[in-house]
Amino acid sequence: MNAPGEQPDKQVVRASGVRMSYGEVQVLNGVDLTVAAGEVSCVIGPSGSGKSTFLRCINGLEPVLGGSLRVLDQEVGHTLRGGRYHPWTPKEFAAFRRNIGMVFQRFNLFAHHSALENVACGPVHVLGTPADRARVLAMEHLERVGLADHAHKRPHQLSGGQQQRVAIARALAMNPALMLFDEPTSALDPELVDEVLEVMKGLAAEGMTMVVVTHEIAFAREVGDWLTFFADGVVVERGRPRELLANPSHERTRAFLSSVLHPKERQESQ
Amino acid sequence: MRTEPITDASGRQTPVARTWHWGRWLAAAVALAVAARLAYLIVANPNLDWGKVAEYVFHERILSGVWVTIEISVLATALGLILGVLVAIMRLAHNPVLSGLATFYIWFFRGTPVLVQLIFWYNLAFLFPEMVLKVPFTMIGVKWDTNQVMTGFTSAMLGLGLNLAAYFAETVRAGIQAVDNGQTEAAYALGMTPAKRMRVIVLPQALRIIIPPTGNEFISMLKTTSLVYVVAGHDLMTNASQIYKANNRIMELLIVASLWYMLMTAVATFLQGRLERRFGSEAVRLVRGGGLAARILPKAAA
């Protein structure tokens, strides 16, 4: 985490006026947002506000249809050549995504692979790491998320929390420069949420650049460097989590926070 | 069914009577009687010479026919499976021309009888007396006489294989579409290309759905090969028919052929069972090392 007031040295994500639509339905209406290296950016907002879609635009899983989205010094989906932007080939998309880890709400572990194989899969098939070496590294990543004992279990033999921790290890195995979390605890039973959040806190403490779409307000307050509130496909406001939670400046934000915050939490944040 | 006596609260035991399923006994007796009578009519038929059946069951031409039937079945199934996967992938392609062509292929080969297709391939020489493969605008190339290429064997293999591909493509498509889209997204997020995602992540999982019906396709193919006799493919049915056309022992030779078809089906059914057990519980490693045979027939106790 950056100390408050410290100048970020590099913008990993720089979105300006990002627009996206599914057919006639406008999902993103001009999103402006920056994420600096080493920062944890939490994104909250009502469902349908476009926060997950924006996250998926960052690694090119959804196309940006307007504005500019620069990630890791590249315009996502396009390369500037001879004065024009040329759309990426599937290969160029693949090369770009190697540097960005993504954790999904529904884990999406490869069902035909053990936990260890899931973690080793990216290095072996994408980076060309020799299988033996990849397995050793994968084991280290599983140890890091506390699942070395479960290395040979298949996803369906693991609890939701364990599966999500394997999914985090799988993303980390690619040594990403940026990690995206798409509501990583929303599909979990309440008692399994903390084990996943603990792993994410550890990552943040190590200085990983993270964009986290979440409903865990307490996590955002404790771990986030920035908190962004999304509604109707735009960023309504952005600020330091404690300040924004305590004194939201927009009516929209106030209404959302009062509907999601437990009364006790609301007291704490004031 | 309960045999233990019922003991009430005061400790008194009352035995339970046995139920006699009279209806079941009666139905079984009638069915057995009918079956026995039919079997007797055939086995004890004075017009049927069981000696001839015994004489021909291991006849040289029958055995070579069995071998050709197995060859055609295996090759046509292999051709059908490989082509079926390609057609299925084309069908799912974003390119509308590719997917349209695949749809047309499936419609065409499912829409025409396989018998017609067999005869068509066998008589291809009427349309193309010579088959020429050459580099355009040069004289470099090779040329074959179509009648020599399109023997009964090759036209059988082509006809049955291309036909199976059309049916199998739909099975593969269903298998691929049954794999959760989240698997594709996770593969892309890791930096896989669409082709790698298909080969490493989607197809191995789709195989669980695709593999079990392939056993059925093969079993059905074993018997469909009997159609090959219209193009004289020297398979079991062709050879049996040639023998009975010479000696007029039609029923005996049909029994001989049926015995072999039943034996082949039994073996194939056994293998299919192993295949399904293998793919039902265990993960699919087919695509990642280890041949198919090694997977179906693991070391004895494994």
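In this predicted model, 24 residues of chain B are in contact (heavy atoms within 4.5 Å) with 25 residues of chain A. Residues are numbered from 1 along each chain as its sequence is written, chains are lettered from A and ligands numbered from 1 in the order in which they are written. Local features need pLDDT of at least 70, side-chain atom pairs count only at pLDDT 80 or more, totals for chains, interfaces and linings use all residues, and side-chain values use heavy atoms, with hydrogens and water left out.

The two chains, B and A, bury about 2,000 Å² between them. Buried area is the accessible area (1.4 Å probe) lost when two parts are put together, summed over both. Carbon and sulfur atoms carry 60% of the area buried between chain B and chain A. One salt bridge is counted between these chains; the term requires a side-chain nitrogen of Lys or Arg within 4 Å of a carboxyl oxygen of Asp or Glu. B:Glu185 pairs with A:Arg56, with the closest N and O atoms 2.6 Å apart. Seven residue pairs are in polar contact across the interface of chain B and chain A, both residues at pLDDT 80 or more. A polar contact is a pair of N or O atoms within 3.5 Å; within protein, one must be able to donate a hydrogen and the other to accept it, and residues adjacent in sequence count only if both atoms are side-chain atoms.

On the side of chain B that touches chain A, α8 (181-189) and α9 (194-224) of chain B each give two or more residues. Helices (H or I, at least four residues) and strands (E, at least two) are DSSP runs, numbered from the N terminus. This side of chain B has 12 nonpolar, five polar and seven charged residues. Ala, Val, Leu, Ile, Met, Phe, Trp, Tyr, Cys and Pro count as nonpolar, Asp, Glu, Lys and Arg as charged, and the others, Gly among them, as polar.

Over all chains, the structure holds 16 salt bridges. One of them joins A:Arg144 and A:Glu206 (2.3 Å, N to O). A:Arg144 lies in helix α4 (residues 131-144) of chain A and A:Glu206 in the loop between α6 (193-205) and β10 (210-213) of chain A, so the pair ties together parts 62 residues apart in sequence.

The second largest pocket holds about 670 Å³ of space. On a 1 Å grid over the protein atoms alone, a pocket is an open set of points with protein on both sides within 12 Å along at least five of seven lines, whereas a cavity is a set where a 1.4 Å probe fits but cannot get out; lining residues have an atom within 4 Å of a point. Grid points are joined across faces, edges and corners, and a volume is the space filled by probe spheres set on the points. Of the 23 residues lining the second largest pocket, B:His94, B:Thr184, B:Tyr188, B:Pro194 and B:Arg197 are closest to its centre.

The whole structure has two cavities of 30 Å³ or more. The largest cavity has a volume of about 70 Å³. β8(A) gives the largest share of its lining, three residues.
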